[in-house]
Amino acid sequence: MTGPTVSFRGVEKTYRRPQLLGAVYHTAVKELSFEIPAGEVTGLLGLNGAGKTTIMKLITGLLFPTAGSVEIFGLPPTSRAAKGSVGFLPELPYFSPQESPGAVLAYYGRLSGLGGPDLAAGVEGALRRTGLEPHAGKRISEFSKGMLQRLGLAQALLHKPRLLVLDEPVSGLDPLAIHDIRGLLAALNADGCTIFLSSHSISEVEKLCSRVLIMVRGSLARTVTRAEWEAAPGGLEAIFVETVK
Amino acid sequence: MKNTLYAAAAVASNSFRESVRNRFFTLFAVFAFTSIYASVLAGVMAVDQEGRVLADMGLALIELTALAYALFSASSSLLKEAETKTIYLVFSRPVPRWSYLAGKLAGVLLTSAFMLAVMGLMHLLLLSFRGFGVPPFYAWALGGSFLKLAVITSFAFFVSLFSTSPVSTLVISGILWTLGHFVPETRFLADQAGGLKGTALNAAVWLIPNLQLFNARDVSGSACVLGAPAFVSAAAWVGGSYLAALWLLRRKEF
């Protein structure tokens, strides 16, 4: 039996902002415990400031927990083995506008430890899967917002991660791009990739996820399964509104 | 180990590529225009010392132009990557922080070396156009400038990890660069002053890199090769600043 892909146990994260005299402390998440089983698509919902991005950064080792423990595949998120198994798409990723998508992906592929034929195959595969192949010759300055988001997803897929962490993956995209990305994520999940995504779009989360965590002011207020929201009048939106109010 | 060195090389080459695409040609154009204008003025003012003035002025301009680039780049590099969230895409991957920092530093130093080489070539062409040969110990003078840039760039990386803005990093590093050229004078003053003042000045001398060690064309008023103390001092300052910067970076959250 394999363990959970992601495990949070009693996690707290407090930010410290230094001031002229002393410091100001802000607790972004508190007493947070949950697990994400392998192969599941889990959504994270919450209002602005609920702690969604903090959770994503704790999973990817960009932040360190103030208390409690976070494990990815049973390892600390800062370990090389854990990081090598995670693909991360931050909200509104930035890429150097003078570069081509291939050059950007080759750079991130090298940072993921790919080289030689593996790197070339990884870049080609990521461009193909995200539908960017016809635009491979363009500069990134010519890319639309949707294409930039696809490139962000492509860099997360390069090294064939077992866990994808996506912060607002369909933010600001047109309906066709959303449809394509939804199809891509469904295909990745069918290949065994565990997906953890945050979004403000309840309808997208409803279509993609099998389970949803609802955050309210830094705490996990409710966990909802697909069966629960499908049986509820008003669906997931009604459950979300009732939980956060 | 092999993978982390590979990652450092990837960060260095990416940093070099971005620099070449962004600011290089503007800086080269400024340097070429200034040096040609200065050479015309020097020709009028220096009379029989035109060769010497052109060589020294050119080398000083080369160093200042490369310094401006290196300081600007070192002070804004990490901050820009954090602001644009590019650093998320790096540190969410299996890239150790020491490897990333080494790559960033190597990228800026590689760019500085390239700038020194290209500007040196432009300078030599200008000297040849005015009828002068290669000044004595010219390569050593450029090598000394590179060592100075290495010291000040690694220090700027360290400062950028705790300063509040790129401007404050530029100012602090600029002050160190200026003070570094007055270490022999500070040492002389310390010897003269004695007592508490002398002790304070002697302590200050240990906290400031002696950049005069790297001025190959200034020693005893004539050109010479760089001595071993110059290389030892540069290695100590670069290594010390890198380790101090790494200590801060390993604790930093993004």
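This is a predicted model: local features need pLDDT of at least 70, side-chain atom pairs count only at pLDDT 80 or more; totals for chains, interfaces and linings use all residues.
Chain B contains ten helices and zero strands, so that, followed from the N terminus on, its elements run α-α-α-α-α-α-α-α-α-α. The radius of gyration of chain B is 20 Å, which is close to the 18 Å given by the globule rule for 254 residues; chain B is therefore as compact as a globular protein of that length. Taken along the principal axes, the box filled by the C-alpha atoms of chain B is roughly 60 × 55 × 35 Å. Of the 254 residues in this chain, 37% count as buried.

We can now turn to the place where the two chains meet. Chain B contributes 20 residues to the contact, and chain A contributes 23 residues. On the side of chain B that touches chain A, α1 (2–22) and α4 (86–91) of chain B each supply at least two residues. The largest share of that side comes from α1(B), with seven residues. Sorted by class, the side of chain B that touches chain A has ten nonpolar residues, together with five polar and five charged ones. Residue counts are one way to describe such a meeting place; the size of an interface is also often given as the accessible area lost when the parts come together.

Conventions:
Residues are numbered from 1 along each chain as its sequence is written. Chains are lettered from A and ligands numbered from 1 in the order in which they are written. Two residues are in contact if their C-beta atoms, placed from the backbone, lie within 7 Å. Helices (H or I, at least four residues) and strands (E, at least two) are DSSP runs, numbered from the N terminus. Ala, Val, Leu, Ile, Met, Phe, Trp, Tyr, Cys and Pro count as nonpolar, Asp, Glu, Lys and Arg as charged, and the others, Gly among them, as polar. The radius of gyration is taken over C-alpha atoms; the globule rule is 2.2 Å times the number of residues to the power 0.38. A residue is buried if 20 or more other C-beta atoms lie within 10 Å of its own, exposed if 12 or fewer, and partly exposed in between; C-beta atoms are placed from the backbone.
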